[in-house]
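Here are some notes for a colleague who is new to this structure. They take the contact between the chains first, then each chain in turn.

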Amino acid sequence: MTDVGAGISARWLPVAVALAGAGVVADLWWQGAAVGPLVVAGALAAAAALVPASPAPLLLLLVAAAVTTALGDDPLRPAVLVLVPLGHAVHLGAALGALLPRGARLHPAALGPPLRRAAAVQVGVFAAVGVLALLPAGRTPPVLEVAALLSVAGVAVLVLVLDRSR
Amino acid sequence: MNRVLAWATARRAAGRAGWRGTDALLRGALGGLGLVGAGVALHRVDLVVIGLPLLVSTVLALSVPPGKPVRVTAQKLPRSVEAGDSARVAITVDHDGGVEFTAVRLPLPGRPGVGPVHLLPGADRELRTHLRWNTWGEGVDLRPDHLAGGRDGLLISGPVVGVESRRTVLPPLAPPPAGPLPARLTGVVGAHRSPRSGDGAEPRAVRPFRPGDRVRRIDWRVSLRAGAATGEALGSPHVRERHAEADADLVFALDSRADVGPDLGSWSTAEPGGPVRRGGSLDTAVRAIAALAAAHLRQGDRVGLVDLGRPQLGVPPGVGRRQLLRLRHQLVACTRSAGWSPRPVLRPGQVPAGAAVVVLSPFLDDAVVDAAIRARGHTRLLLAVDVLPAGLVADPETPWGGAVRRVLLAEHRVRLAALRARGVAVVPPEGVAAALARHRRGRR
């Protein structure tokens with residue numbers, strides 16, 4: 001039997017999303033992004049915090065990825081690595097914030113499982129990054145590239161089919 | 001392959017059970033796959049690295065499909081409670097597992113109403129919340145609306161509106177001193193002195209014996225003394241009269257047509273928390289009636305209720321604890337439909353002959369004054385209790401606020417003066433018992 005107390009205000013979720021979004025914008029600024037993309041990213045970060053159940057978080061991540069790709073060649077530079085947890089935080093914070101109406105209360109115990117899983121995912125991704133850093137840079141054989149693309153497409157088709165069947 | 005098929009079957013079952021994807025699922029699947037795919041296509045490892053957490057977390061989240069829809073049930077509680085009571089309520093959240101979050105609407109400790117939505121761990125299946133009823137009235141205090149979320153909130157079921165739990169919180173019983181009441185002429189039992197002679201305990205007079213008097217009423221000491229004075233022993237026997245004891249009828253007339261607080265600017269708007277303005281005229285009147293009714297019923301009086309706004313909601317005079325419970329329930333019922341009647345109704349048939357009537361009203365219109373003065377003619381005692389809040393505050397949003405306040409107070413004074421001029425005592429709520437006591441002393 002769990003006694004339901006007052007918890008904390010669920011406004012901390014939009015605040016967390018806003019902080020993560022601000023971190024994304026700061027990262028873009030740190031990379032030397034122009035004013036236009038910064039303004040767009042800032043607006044999307046604000047929209048993601050205020051309206052988490054909207055396309056704004058996804059667009060923020062896409063804009064940040066596009067700008068980051070355009071601004072540097074080193075794929076494992078710090079600016080990219082900073083975006084990995086920040087993007088995940090925006091995604092997770094917006095996902096949880098979209099569940100709750102205004103005035104809701106948040107019980108910190110509810111955040112335990114998703115935060116533990118997010119930490120495990122981050123550990124896995126950074127392990128993969130470590131492996132990538134050890135791999136020799138150079139052009140991949142075309143056959144392998146085609147196979148990789150087909151694999152990704154296969155995963156996409158599988159997800160779509162399964163989602164439709166639901 | 002069998003595992004994939006089992007997963008797909010479970011996903012299909014979840015879809016039939018009402019689970020659906022959220023924006024986060026679209027974001028994770030589309031964003032993750034899109035970034036990873038674009039990175040592979042464009043030979044950009046940085047895109048793959050940025051998109052990988054979204055993709056991996058989405059796959060991990062979808063790997064555990066949720067089961068049947070979540071059911072939230074609350075423990076049953078009594079329909080009526082006392083103001084100031086509290087209780088712990090058990091809420092059961094029933095699901096198959098695979099639910100990471102439950103968002104349930106539950107009351108906050110110490111706050112009225114159904115409360116906000118609480119985001120709780122899905123693993124907590126037995127919840128307990130604390131209800132406390134500080135203010136009287138009728139309302140919904142528990143409605144466990146709920147929504148269940150799968151891992152990372154990618155799949156949700158709901159929101160579902162919970163079953164309302166309505167409750168009547170009875171007005172509190174403050175302990176005022178109960179004053180003596182005028183006796184009812186037709187009564188033969190009770191705790192109050194009747195003006196006629198009878199078999200009570202209180203002496204009334206000593207007078208010469210008349211045919212019809214009981215012999216045991218003869219006061220031999222007085223008779224001998226009277227005989228010695230006239231020189232004729234036992235010439236004029238005297239009897240000692242006693243007062244009869246009678247029950248008393250007390251009828252409270254509640255003016256439920258207006259419920260006003262000290263702030264004049266809020267008179268035209270409804271109270272956000274419920275039908276009754278806390279600390280307003282109706283709240284004051286109801287609390288006073290409950291307290292006085294309890295005190296007078298305790299000493300054996302017959303107490304009734306008249307709703308000036310809705311005569312059909314009245315309660316005929318009665319005695320006992322059940323009558324007190326009935327009165328308190330009816331007071332809540334009167335306030336539920338308060339403010340809808342333009343004119344007060346106080347007919348002679350609503351008040352037993354010889355009863356004491358206490359009219360509780362803010363006296364904001366002439367109609368209630370007319371009704372009280374007309375009722376004065378067929379009652380033994382009528383008290384007017386002014387429940388208009390003291391220290392009225394003018395509406396600051398209009399330049400006429402101060403003038404309105406002055407006019408209103410002047411009209412109020414004139415109405416109270418008219419009542420006094422017609423022999424109706426006007427008292428504050430806490431002065432009813434003292435006024436009844438003064439009335440009795442005046443009758444002696």
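1. Two strands pair if DSSP finds at least two bridges between them. The model is a predicted one, and it has such a pairing across its two chains: strand 3 of chain A and strand 6 of chain B, residues 117-121, run in the parallel sense over two bridges. A:Arg105 has B:His118, in strand 6 of chain B, as its bridge partner.

2. How many residues does each chain bring to the contact? Chain A brings 61 residues and chain B brings 56 residues. On the side of chain A that touches chain B, the elements that give two or more residues are strand 1 (2-3), helix 3 (56-71), helix 4 (78-97), strand 3 (105-106), helix 5 (112-134) and helix 6 (142-165). Helix 5 of chain A gives the most to this side, with twelve residues. By class, the side of chain A that touches chain B holds 41 nonpolar, 15 polar and five charged residues.

3. Chain A has six helices and three strands. Read from the N terminus, the order of its elements is β-β-α-α-α-α-β-α-α. A box of roughly 60 × 45 × 30 Å, taken along the principal axes, holds the C-alpha atoms of chain A.

4. Of the 166 residues in chain A, 34% are buried. Among contacts in chain A with a separation of 6 or more, 73% join residues 24 or more positions apart.

5. Chain B has nine helices and 19 strands. Its 444 residues are 42% buried. For contacts in chain B with a separation of 6 or more, the share from residues 24 or more positions apart is 72%.

6. Which domains does the assignment give for chain B? It lists domain 1 (2-62), domain 2 (71-170), domain 3 (192-246) and domain 4 (249-443). Strand 6 of chain B, at residues 117-121, falls within the bounds of domain 2, 71-170.

7. In chain B, the C-alpha centres of domain 2 and domain 4 are 38 Å apart. Contact between these two domains of chain B involves nine residues of domain 2 and ten residues of domain 4. Strand 8 (137-142) and strand 11 (165-170) of chain B are the elements that give two or more residues to the domain 2 side. Strand 8 of chain B gives the most there, with three residues. The side of domain 2 that touches domain 4 in chain B has three nonpolar, five polar and one charged residues.

Terms used: Residues numbered from 1 in each chain as written. Chains lettered and ligands numbered in written order. Predicted model: local features only at pLDDT ≥ 70, side-chain atom pairs only at ≥ 80, totals over all residues. Helix = DSSP H or I, 4+ residues; strand = E, 2+ residues; numbered from the N terminus. Buried ≥ 20, exposed ≤ 12 C-beta atoms within 10 Å, placed from the backbone. Contact = placed C-beta atoms within 7 Å. Nonpolar A, V, L, I, M, F, W, Y, C, P; charged D, E, K, R; others polar. Domains from an automatic or database assignment.
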